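Subject: Structure for your files

Hello,

Here is the structure I said I would pass on. My notes on it follow.

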Amino acid sequence: MCSEIVKSVCPHDCPSVCALEVQKLSTSQIGKVNGSRENPFTNGLVCGKVARYAERLHHPDRLLYPMKRVGKKGEGKFARITWDEALDEIAERLLTVEKALGSEAIWPFFYAGTMGHVMRDGIKRLTHEKRYSKMQGTYCVALSSPGWNAGVGTQRGPNVLEMEKSDVIVIWGLNAVSSQIHLMTHALKGVKNGAKLIVVDPYKNKTAEKAHLHLAPRPGTDGALACAVMHVLFKEGFADRDYLAEYTDVPTEFEEHLKSKTPEWAEEITGIPAHTIEAFARLYGSTKKSFLRIGHGMTRSRNGAHNMHAVTCLPAVTGAWRVEGGGALYSQGNLASLDKTLIEGRDVIDESVRTLDQSRIGEILCGSKEALKNGPPVKALFIQNTNPLSVAPDSEAVRKGFAREDLFTCVHEQFMTETAQYADIVLPATMFLEHDDLYTASGHGTLQVGKKVIETTGECKSNHEVLSLLAKRLGATHEGFEKTALELIEETLKASGYPTANELVNKTGEDLYVDFDEAHFINGFGTADKKFHFKPDWSALGPNAKDMPVFPDHWAVIDEKTVERPFRLITPPSQNFLNSSFTETRTSRLKERCPEVLVNNRIMRKLGLSDGDLVRIGNDRASVVLNAVGVNGQHEDTLVVEGIWPSSSFVEGRGINSLTSSQPGYPNNGAVYHDTSVWMKVDL
Ligand SMILES: Nc1nc2c(c(=O)[nH]1)N[C@H]1C(S)=C(S)[C@@H](COP(=O)(O)OP(=O)(O)OC[C@H]3O[C@@H](n4cnc5c(=O)[nH]c(N)nc54)[C@H](O)[C@@H]3O)O[C@H]1N2
Ligand SMILES: Nc1nc2c(c(=O)[nH]1)N[C@H]1C(S)=C(S)[C@@H](COP(=O)(O)OP(=O)(O)OC[C@H]3O[C@@H](n4cnc5c(=O)[nH]c(N)nc54)[C@H](O)[C@@H]3O)O[C@H]1N2
Ligand SMILES: [Mo]
């Protein structure tokens with residue numbers, strides 16, 4: 001048995017996109033996976049889930065061959081068929097739908113099971129070439145990105161390695177210990193050098209446990225908190241007036257607007273004591289070396305984009321952008337500039353074809369005319385890289401839609417997920433070590449290539465191979481379908497002016513970081529007038545901006561608690577799952593135990609609950625039964641359920657997203673996973 005160390009890249013949907021070193025035990029087997037030391041962000045570290053990737057790659061439950069449904073929809077009964085039989089049947093069904101109702105009745109549906117550009121986005125080429133319905137990806141960044149762009153104008157910022165030099169580090173709405181361990185290690189280097197760590201999060205998550213100061217706002221009230229902090233910054237002389245005059249749009253109007261946004265006003269809304277808000281503002285304002293890392297978590301509310309913008313205003317008030325170790329980061333996403341014409345078929349996009357909102361898949365499949373944009377019903381789904389039955393909001397509607405007898409569903413997957421169980425045809429997919437791909441990251445600025453390391457397991461095929469084989473049968477002739485994945489990578493790199501795939505592998509990626517002045521917007525921001533905008537043009541950032549407040553504020557459009565539903569529920573990621581991935585691995589499941597709702601200890605006592613007692617939480621959509629666990633550090637009216645467990649792990653078989661709403665956030669849609677009012681019952 002040989003044992004060599006081979007370079008690769010983690011494909012999972014995570015800001016870290018780690019440079020990896022994989023122990024290759026044979027042509028078909030891997031051992032341990034480590035983070036590479038050659039990438040300074042990864043710095044030799046990898047999360048526990050990926051360190052034990054052999055458990056996922058060599059899992060006995062992996063899908064190994066194509067299958068056809070033989071039982072009822074959702075029952076999970078399938079029979080093995082050949083690839084030719086599977087592809088012929090899929091093509092025939094899609095062509096029949098196309099002939100009867102037009103190409104828009106077919107909806108290719110995907111997300112970021114792998115973040116590789118070829119395997120994730122190739123499905124867009126088939127969509128465009130065949131003029132199938134397009135998809136707006138709204139699970140994840142549809143709220144956070146416009147929120148950030150509103151003020152800053154482009155997605156980049158200081159390298160988080162600068163945190164080593166910061167005096168104050170603020171992690172706002174991001175559970176770094178669980179969802180981005182590398183960020184945490186860089187933050188802790190700053191702490192070791194004397195920085196104060198502040199965490200703003202509705203519950204005492206693992207990151208907040210490490211903080212000098214934890215502020216717990218009620219979910220969806222960050223706009224109020226940010227305004228009150230800035231009120232104090234202006235009032236107590238922490239505002240950098242020279243910076244404001246040179247770099248921002250309407251500083252005087254903004255200061256005037258903030259006069260009524262007192263800490264007492266914000267206490268009422270956020271539940272954070274006014275004196276704590278003042279303490280935070282003084283700490284933040286006392287130095288320009290304040291590094292603010294803002295996560296997606298705080299934006300998964302109806303007002304999430306608005307709140308994100310409010311938070312991004314802080315460093316513009318103090319002028320923290322000016323110095324090393326200061327400023328803010330949401331994503332380095334705009335550092336890479338890839339020409340994706342070939343991968344995505346951008347040359348054949350037809351603007352007249354409708355785009356459907358991914359997060360409204362339940363409404364769409366259940367026939368909502370508005371969600372269908374008054375077009376034909378969806379009669380066929382072709383799915384890669386996502387598990388909507390678990391991860392999309394309003395999962396009871398999603399389930400009802402998938403159960404439709406007149407809907408044809410093909411799911412290309414690595415495991416028999418709850419979505420795959422509803423498929424008519426299931427196809428087995430390769431994992432990242434079994435194919436080639438190209439990767440960029442949001443958490444750092446390195447462009448990477450991961451090449452195939454081991455032979456394909458069973459009869460698995462990569463997303464690109466399946467798309468190419470289907471394209472032939474469907475009459476799609478785009479040149480992208482004629483090339484191998486590696487050819488697509490090489491040609492994309494060349495068209496974008498980057499080194500070749502082999503060069504990228506050899507040097508563990510290409511560093512795309514810009515210089516200090518660009519990273520800190522010393523030459524101006526990414527907006528048209530190069531200024532930071534306190535007063536953004538929201539209508540340029542999405543179609544639903546009509547009622548958005550002009551300046552940062554508390555925008556009361558959230559699903560506020562009521563007498564009937566006195567709690568606010570958030571559903572953030574767990575450490576050992578990645579969205580719904582890894583719920584199939586034994587170690588991750590053992591570590592996460594079972595679905596749990598975190599409840600303030602005073603409420604536990606009031607209701608006579610002990611840890612592990614079953615409770616029912618619900619609203620008008622559904623109710624779920626799970627174990628209650630008492631905690632401190634969150635408001636009495638906040639409930640927290642970590643992790644996207646499969647529905648079958650819950651006592652009554654309904655998962656957490658049966659409670660979340662598919663109402664789109666503002667101004668550009670986006671799922672509102674942390675914006676749900678619920679009741680809780682002890683008497684089941
Ligand atoms: N282990 C693990 N890692 C992951 C993932 C995973 O599932 N598991 N998911 C990956 C994906 S797809 C993504 S997009 C990233 C997401 O990573 P992040 O950017 O970290 O965002 P979330 O993890 O969604 O949310 C993080 C925190 O936001 C908090 N939060 C919720 N509502 C509010 C609010 O109203 N205000 C404030 N201030 N905070 C709030 C939650 O309590 C939680 O602690 O992580 C990636 N990494
Ligand atoms: N309640 C609640 N719901 C959430 C969230 C939350 O915080 N709370 N977070 C949301 C966020 S941020 C996101 S990004 C979404 C993520 O939702 P999804 O994109 O659905 O993420 P995963 O659950 O990881 O599912 C990806 C699926 O892709 C499969 N896969 C991986 N690689 C490949 C491949 O190469 N080919 C094929 N064909 N399949 C592959 C995996 O096996 C897995 O089943 O979930 C969202 N849902
Ligand atoms: Mo995400």
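The second largest pocket in this predicted model has a volume of about 440 Å³. A pocket here is an open set of points on a 1 Å grid over the protein atoms alone, where a 1.4 Å probe fits and protein lies on both sides within 12 Å along at least five of seven lines. Grid points are joined across faces, edges and corners, and the volume is the space filled by probe spheres set on the points.

Its lining (residues with an atom within 4 Å of a point) has 19 residues, and Y203, K206, E596, L598 and E642 lie nearest the centre. Sorted by class, six are nonpolar, five polar and eight charged. Nonpolar covers Ala, Val, Leu, Ile, Met, Phe, Trp, Tyr, Cys and Pro; charged covers Asp, Glu, Lys and Arg; the others, Gly among them, are polar. At least two lining residues come from each of α23 (586-592), β21 (596-600) and β23 (623-631). Helices (H or I, at least four residues) and strands (E, at least two) are DSSP runs, numbered from the N terminus. Because domain 3 (157-330) and domain 4 (567-681) both give residues to the lining, the pocket lies between them.

The protein is divided into those two domains plus domain 1 (4-57) and domain 2 (67-140 + 339-430 + 459-483), with bounds from an automatic or database domain assignment. Domain 1 and domain 3 contribute 11 residues each to their contact (heavy atoms within 4.5 Å). Their C-alpha centres are 33 Å apart.

P217 sits in the loop between β10 (213-215) and α8. P217 is buried (under 20% relative accessible area, with a 1.4 Å probe and protein chains only), at 1%. Leaving out residues up to four places away in sequence, P217 touches V200, D201, P202, D222, T270, I272 and H635. P217 and T638 are 421 residues apart in sequence, yet 9.6 Å apart in space, C-alpha to C-alpha.

T270 also belongs to helix α11 (residues 263-270), where P263, A266, I269 and T270 are buried.

On conventions, residues are numbered from 1 along each chain as its sequence is written, and chains are lettered from A and ligands numbered from 1 in the order in which they are written. Local features need pLDDT of at least 70 and side-chain atom pairs count only at pLDDT 80 or more, while totals for chains, interfaces and linings use all residues; side-chain values use heavy atoms, with hydrogens and water left out.

Regards

Definitions and conventions
Buried < 20%, exposed > 50% of the residue type's maximum accessible area, 1.4 Å probe, protein only.
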